[in-house]
Amino acid sequence: MNDPQPPVLFETSPGSSREDVAPASSFLAELNPLQLEAVTHRGGHCLVLAGAGSGKTRVLTHRIAWLIAERNIDPAKICAVTFTNKSAGEMRNRVRRLLGPGKSEAWLLTFHAMGLRLLREWTEEAFSSATGASGSPLRDAGKAGGKGDAWLPPSGFTIYNHDASLAVWKQCQSALRLSTRDHDPGRMFSLCSRAVSRLEDPSSWDSANQDYDRRVAGRVWKEYRAAMRAAGAVDFDDLLVLPLHLMAQHPPLRAHTAARFQQLLIDEYQDTNRIQYRLIQTLLGNDSELMVVGDEDQCIYRWRGADLNNVLDFQNDFPGASVVRLEQNYRSTQPILSAAGSLVANNRQRLGKSLWTEREGGESPIFVQCATDREEAQWIARRISEMHTAKLSDIAILYRTHAQSRQIEEVFIGKRIPHRVVGGQRFFARREVRDVLAYLQLLVRDDDLALRRAIATPSRGIGPKTIAALGNVTAGSSAAAALRQLADGAEPERSFREAGFSPAIAERLLAFGRLLSSLRGVAAKKPVADLIGTTIERSGYTALLERGENTDDRLGNLGELASAAKEIVSDGAEIATSKTEVQRPATKHGADDVNASGDRPGKFDELRSFLDRLALLADADTDRDGVEGVRLMTLHAAKGLEFNVVFLAGMEEELFPHATSLAGGDVEEERRLCYVGMTRARQRLFLSAARSRRVNGRERWLEPSRFISEIDPRLIVVRDYLNPRAAGSKDYVPNSFSGLGGRTGKRKRSNNPAYRQQPAHDSLRASPNKTAPVKFTGSTRPAIATDLLEGSTVVHPTFGPGKITVTSGSGEKLKLTVRFRKTGTKTVIAKFAKLEVPD
């Protein structure tokens, strides 16, 4: 951390000269009435509900400037906290521009930087002066491994970043003889870190009522904390925990610290967790004023500990607090704001606001359905190619999961559209993808680089020295070739012993060699996509991922790799060697094929062609820093950014909203995430979905996201993208989503061969292609929970009467499989289906 060293905490800093401070009237004139109300708020605490693009940073910086220029508050008594160093730096620069150069600095920093600054100032002498007690017992208690929650770090303490902290954790885990195979260090460390952010103490997890994983993590946590304190080091969690505990256990220290801040300002309040919330309360003095700026509709980090209730309960936590709503938007057009607003209005956990803009004109958002995810990527590429006046870096493609970028990347590479993957790696550069590809490389080529990667993931107790010894078994032979020859010999155990390997190492090498031999057998008989699945399972890679972090995302990426293999083979993709010559790396013994065991060469050619295709994709020079290009990123990574043109891809049920969120009842957060994505757009907004998408190598038929139907149909335009080849093929199946194309499949091509345009609200009223509702002549009444049992008859407003065959879930997550008399079997969500029962 490079924070400047502030004055000693308990000395009174001299007042700064304000004779050349810019008058407040010079910078207040640029504010709108509600911004002005927030900036000049007096008397008590205040919640500023700042909608997307409403100028929240302007409000924060102008308030700081106004407090200094108009109310003559010492800058040292102002503390403004945000979440990123970039935001803090931007706020500092703006305040300097408003007030002029040479002014004393307010505290404009992140939560962690604020905690660091406090701990740096709390020298033992200053602590003793403030509390009347020595700081030595606190340090000794921490080093002795006692509870030590209020441990005072030594002067000049070291800050360990995540990697350094994890290295200490691994050492402690090793000392406890806990296998890293059975207990992933990163996962356990993150488990404890998340607990700390919720104000839990992992060291208390040794009780019998805790599950096994938490008990093990708690054991390591105790050793880890003792080791960190013995080293006089703190981690990022300590930067918040230690100041909070020190002030909580020493009221005089809290009083001194709170008296320092007359004004507290908190940015992105909806993203604060419980420990940050408690820290804010602790720093509030009797005469302090608190202003928080946030937007409950943009709370999308619950999985990281963010607590939406911090915003929703603000007026209960601080009785008498004022609320100012910033609803004038300076970013987007009104059609985009209206569509996004109609979507998020479906949430119950919100305080409410309605965004508007003075900007005139603007086009309605467009929703497009494509036959497949491949065609979705092609449609996006086509639209971008038609935007001749658009700067590529002002175009963003947002998606729910990292795995979705693969199709888009491939199409962009093929069409030579420059692009950059923001906040993540390119698909084929992701670790899990490269790990599995290393196994596949070894099936067709004796590649030592692939051997070193594959043999270490998961770990098999075979290190670099053993691999080097393999390379010396036969003069001129690679380590990979030597392993294959020894393992495939008539007496492999004897061969390894004669090569000089110990029995334990020989056993491990032979096991890995036999694994590769079995996979070659699979490669000779199965398609590449099946081979990938078998490799993941037999190698133990699935178990490895399940012990680590981000398991679902990483397994999803491997499923997408299998999908890529299926598409390349089914499309008959070939490497055009006449245009691009791919040189295969020669091995030491001069052969790069492993095809001498009687396997069918055609299948190995298929695998080799697949690997060559990926080599070309991975080598494409389209993601260099500073290169003009379309931005590809997840919706979470897009928070705080804005673009002229935004594409929201993958608007399908169980993808967005994501299946895990549906299962966990987190639909409202998913809806907020969609709202955030929509409000990134300044001028144009496109949403797209695919009827079928390959998931884990298998084709799945998907319904459009519920979020599309929740947008007021008057505010969105619907188009069907019809690829002539796909639409005319036997595999083309129309979608069953009401109002977005009908169910009959009797489509007529428009004059435009690419798509047919139809406003959504018109198609809902009088589309000739829309399936007529199936009528039920008897009397009915609305269904209640006790009516929705297997075997019961229900009536759907569109599908007519049917019988429930399967039920799953309960409450708001109740799903029903219903066999309708005239429209077949369908699965519906009871909450949204508007079912009735015969009366």
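Here is a short chat about the sheet and some helices of this predicted model.

Colleague: Which strands stand at the edges of the open sheet?

Modeller: Six strands make up the sheet, in the order 3-2-6-7-1-8, with parallel pairing.

Colleague: Okay, and what stands opposite L264?

Modeller: Start with strand 6 (residues 263-266), which runs parallel to strand 7 (residues 289-294) and is joined to it by four bridges. The residue facing L264 sits in strand 7, and it's L290.

Colleague: What angle does helix 4 make with strand 3?

Modeller: Helix 4 (residues 85-99) packs on the sheet and touches strand 2 (78-82) as well as strand 3. Comparing its direction with that of strand 3 gives about 165 degrees.

Colleague: How far apart are the end C-alpha atoms of helix 24?

Modeller: Helix 24 covers residues 503-523, which is 21 residues. At 1.5 Å a residue that should span 30 Å, so the model agrees with the expectation: the ends are 30 Å apart.

Colleague: Where helix 8 meets helix 10, which class has nine residues?

Modeller: The axes of helix 8 (residues 162-175) and helix 10 (residues 212-230) come within 9 Å and cross at roughly 120 degrees. On the helix 8 side you'll find S165, V168, W169, C172 and Q173, meeting residues of helix 10 that include A217, W221 and E223. Sorted by class, the contact has one charged residue, two polar ones, and nine that are nonpolar.

Terms used: Residues are numbered from 1 along each chain as its sequence is written. This is a predicted model: local features need pLDDT of at least 70, side-chain atom pairs count only at pLDDT 80 or more; totals for chains, interfaces and linings use all residues. Side-chain values use heavy atoms; hydrogens and water are left out. Two strands pair if DSSP finds at least two bridges between them. Helices (H or I, at least four residues) and strands (E, at least two) are DSSP runs, numbered from the N terminus. Contact means heavy atoms within 4.5 Å. Axes are lines fitted to C-alpha atoms, for helices over the stretch in contact, and angles run from 0 to 180 degrees between N-to-C directions. The expected span of a helix is 1.5 Å times one less than its number of residues. Ala, Val, Leu, Ile, Met, Phe, Trp, Tyr, Cys and Pro count as nonpolar, Asp, Glu, Lys and Arg as charged, and the others, Gly among them, as polar.
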